[in-house]
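Subject: Structure handover

Hello,

Please find the structure below, followed by notes on what turned up when I went through it.

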Amino acid sequence: MNCWHCGAELIWGGDHDVEDSEDYDIVTNLSCPKCNSYIEVYHAINDNSDYDDLTKA
Ligand SMILES: [Zn+2]
């Protein structure tokens, strides 16, 4: 995954359980070695992994 701002390859900081949300279960921390941006990616509990199947119907 590349930085939104400068396009450099991000450094993975770790995954953590989300305790205070009913919508997300995992948060991933990433940081940019070039512009020092900090990124958190929240993984939804109810993901749309079957989204493609629905749109094909
Ligand atoms: Zn960057």
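This is a predicted model: local features need pLDDT of at least 70, side-chain atom pairs count only at pLDDT 80 or more; totals for chains, interfaces and linings use all residues.

Starting with the helix: aspartate 52 sits in helix α1, which covers residues 51-56. Its relative accessible area is 47%, so aspartate 52 counts as partly exposed.

**Zinc site**

The zinc ion has four protein donors, the SG atoms of Cys3, Cys6, Cys32 and Cys35, lying 2.3 Å from the ion. Along the chain these donor residues follow the spacing C-x2-C-x25-C-x2-C. Cysteine 6 belongs to the segment before β1 and cysteine 35 to the loop between β2 and β3, so this pair ties together parts that are 29 residues apart in sequence. The angles subtended by the four donor atoms run from 100 to 118°, and the arrangement is therefore tetrahedral.

Cysteine 32 has 3% relative accessibility and so counts as buried. Cysteine 6 is partly exposed, because its relative accessible area is 28%. Cysteine 35, at 35%, is partly exposed.

How many disulfides does the structure hold? The count is zero.

**The loop between β2 and β3**

Asparagine 36 also belongs to the loop between β2 and β3. Its phi is near 65°, which is a positive value in a residue other than glycine. With a relative accessible area of 65%, asparagine 36 is exposed.

Glycine 14 is part of strand β1, residues 11-17. Its relative accessibility is 7%, so glycine 14 counts as buried. Leaving out residues up to four places away in sequence, glycine 14 touches Val27, Thr28 and Asn29. For isoleucine 26, the C-alpha to C-alpha distance from glycine 14 is 10 Å, at a separation of twelve residues in sequence.

Threonine 28 is in strand β2, which spans residues 24-31. Is threonine 28 buried or exposed? At 18% relative accessibility, threonine 28 is buried, because the cut-off for that class is under 20%. Its side chain makes a polar contact of 2.6 Å with the side chain of aspartate 15. Beyond four places in sequence, the residues in contact with threonine 28 are Trp12, Gly14, Asp15, Ile39, Glu40 and Val41.

Asparagine 29 also has its place in strand β2. Its relative accessibility of 13% makes asparagine 29 buried. Which side chains does the side chain of asparagine 29 meet in polar contacts? One partner is histidine 16, at 3.2 Å. Another is tyrosine 38, at 3.0 Å. With residues up to four places away in sequence set aside, asparagine 29 touches Ile11, Trp12, Gly13, Gly14, His16, Tyr38, Ile39 and Glu40.

**Aromatic pair**

A pair of aromatic rings is described by the distance of the centres and the angle of the planes. Searching the whole structure gives one such pair. The pair consists of tyrosine 24 and tyrosine 42, with 5.7 Å from centre to centre and 70° between the planes, an edge-to-face arrangement. Tyrosine 24 is in strand β2 and tyrosine 42 in strand β3, residues 38-44, so the pair ties together parts that are 18 residues apart in sequence.

Tyrosine 24 has a relative accessible area of 34% and is partly exposed. For tyrosine 42 the value is 42%, and that residue is partly exposed.

That is what I have from this model.

Regards

How values were computed:
Residues are numbered from 1 along each chain as its sequence is written. Side-chain values use heavy atoms; hydrogens and water are left out. A disulfide is a pair of cysteine sulfur atoms within 2.5 Å. Buried means under 20% relative accessible area, exposed over 50%, partly exposed in between (1.4 Å probe, protein chains only). Helices (H or I, at least four residues) and strands (E, at least two) are DSSP runs, numbered from the N terminus. A polar contact is a pair of N or O atoms within 3.5 Å; within protein, one must be able to donate a hydrogen and the other to accept it, and residues adjacent in sequence count only if both atoms are side-chain atoms. Contact means heavy atoms within 4.5 Å. Rings of Phe, Tyr and Trp (its six-membered ring) pair if their centres lie within 6.5 Å; planes under 30 degrees apart count as stacked, over 60 as edge-to-face and the rest as tilted. Donors are N, O and S atoms within 2.8 Å of the metal (3.2 Å for Na, K and Ca); water is not among the atoms, so sites may look incomplete. Four donors count as tetrahedral if all angles lie between 85 and 135 degrees; four count as square planar and six as octahedral if opposite donors are over 155 degrees apart and all others between 65 and 115; anything else is irregular.
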